[in-house]
Amino acid sequence: CSTGIPFDGGLRCLCWKILLNYLPVEKALWSSLLKKQRDLYSQFLKEMIIQPGIAKANLGVSREDVTLEDHPLNPNPDSRWNTYFKDNEVLLQIDKDVRRLYPDMAFFQRPTDYPCLLILDPQNEFETLRKRVEQTTLKSQTVARNRSGVTNVSSPLKSTPNSLSEYEVLPNGCEAHWEVVERILFIYAKLNPGIAYVQGMNEIVGPLYYTFATDPNSEWKEHAEADTFFCFTNLMAEIRDNFIKSLDDSQCGITYKMEKVYSTLKEKDVELYLKLQEQNIKPQFFAFRWLTLLLSQEFLLPDVIRIWDSLFADDKRFDFLLLVCCAMLTLIRDQLLEGDFTLNMRLLQDYPISDVHLILKKAKELQDSK
């Protein structure tokens, strides 16, 4: 896998599921495990999206349901309404981020081949995530205006559509791939309240979902949503510390890993290391995004997927990522050694080399030279 998995026959989708510890190595166990996990995911949908949606729809219909114990202004933290509004804040943030996932590709705007029937059942008179976003957005027009506000996490490579109106809303009974990603992130946030949703998680789930939703094997492809959810959860269990601000300076936090990029560089290329130090170019300026988002913002999606083959196959779990970052630095060393602070910052924040095979080859050489 580390040398690149062929896409043919759904091989990559299968390997990723094994490498991310979703599927056991023993093939005989697959069908029962998949059934169990996919049923569990349907249960999550019912509990976290459908039931609150039904409760909200019913409250709109009959006024007498609104009791003093539980009404929209109830300050009690256990109030269902309080949870509902808090969830809406998270949902709006997710919505804003997933709508601009890989804007240079049409895939995420397209309708999925397997819309979620649980959610889109016309018999269901409940509030879907789509309706929740529309209603909450109507209440706060300012959010709508800032919808595509680019944050410092996004790369200059990615162009951003100017307004929501550029996105066609799909007719009832259809849903776009980005809506599926939104649901996965919303359920993850509900099940992991300690971390909830942090900007950038959309960039981690995107390549996973894309890979599974384009699986040539249709019976796997049909369950891309549930399978992506569990693989994403497993991957986040390994990298979630990068997203938790309070852990930044601990041994497992992101600052430690960024320093590790520089200490590895110092071993491999002391001249370049000293030059970056002398210009006071801290790893935070570029390596934060490289490491936190597993390079998903630096390259085009097919290249990100190829890099992830090597990362997921790394038995030391993401030590190889540090070597890839070092390889990226050493491959542009001549430009960095000649450039001034401004020029070098531009190079690092909008990385110039697009040939990921070259980068991975260099990373492998660094690994073997230990």
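A crossing counts as left-handed when the near helix is turned anticlockwise from the far one by less than a right angle, and as right-handed when it is clockwise. With that in hand, some notes follow.

This is a predicted model, where local features need pLDDT of at least 70, side-chain atom pairs count only at pLDDT 80 or more, and totals for chains, interfaces and linings use all residues. Residues are numbered from 1 along each chain as its sequence is written, and side-chain values use heavy atoms, with hydrogens and water left out.

1. Start with H8 (residues 201–213) and H10 (residues 224–239): their axes come within 9 Å and cross at roughly 140°. That makes the pair oblique. Angles under 35 degrees count as roughly parallel, over 145 as roughly antiparallel, 65 to 115 as roughly perpendicular, and the rest as oblique. The H8–H10 crossing is right-handed. Axes here are lines fitted to C-alpha atoms, for helices over the stretch in contact, with angles from 0 to 180 degrees between N-to-C directions; helices are DSSP runs of H or I, at least four residues, numbered from the N terminus.

2. Who touches whom? On the H8 side, the contact (heavy atoms within 4.5 Å) includes Met201, Ile204, Leu208 and Phe212, and on the H10 side Thr228, Phe232, Leu235 and Ile239 are among the partners. By class, the H8–H10 contact has 13 nonpolar, one polar and two charged residues. Nonpolar covers Ala, Val, Leu, Ile, Met, Phe, Trp, Tyr, Cys and Pro; charged covers Asp, Glu, Lys and Arg; the others, Gly among them, are polar.

3. Now H14 (residues 301–313) and H18 (residues 356–368), with axes that come within 10 Å and cross at roughly 20°. So H14 is roughly parallel to H18, and their crossing is right-handed. Asp303, Arg306, Ile307 and Ser310 of H14 meet Val356, His357 and Leu360 of H18. The class tally for H14 with H18 is three nonpolar, two polar and two charged residues.

4. Last, Asn172 sits in the loop between helix H6 (141–145) and helix H7 (177–191). Asn172 is exposed, with a relative accessible area of 76%. Leu120 is 52 residues from Asn172 in sequence and 7.6 Å from it in space, C-alpha to C-alpha.

Terms used
Helices (H or I, at least four residues) and strands (E, at least two) are DSSP runs, numbered from the N terminus. Buried means under 20% relative accessible area, exposed over 50%, partly exposed in between (1.4 Å probe, protein chains only).
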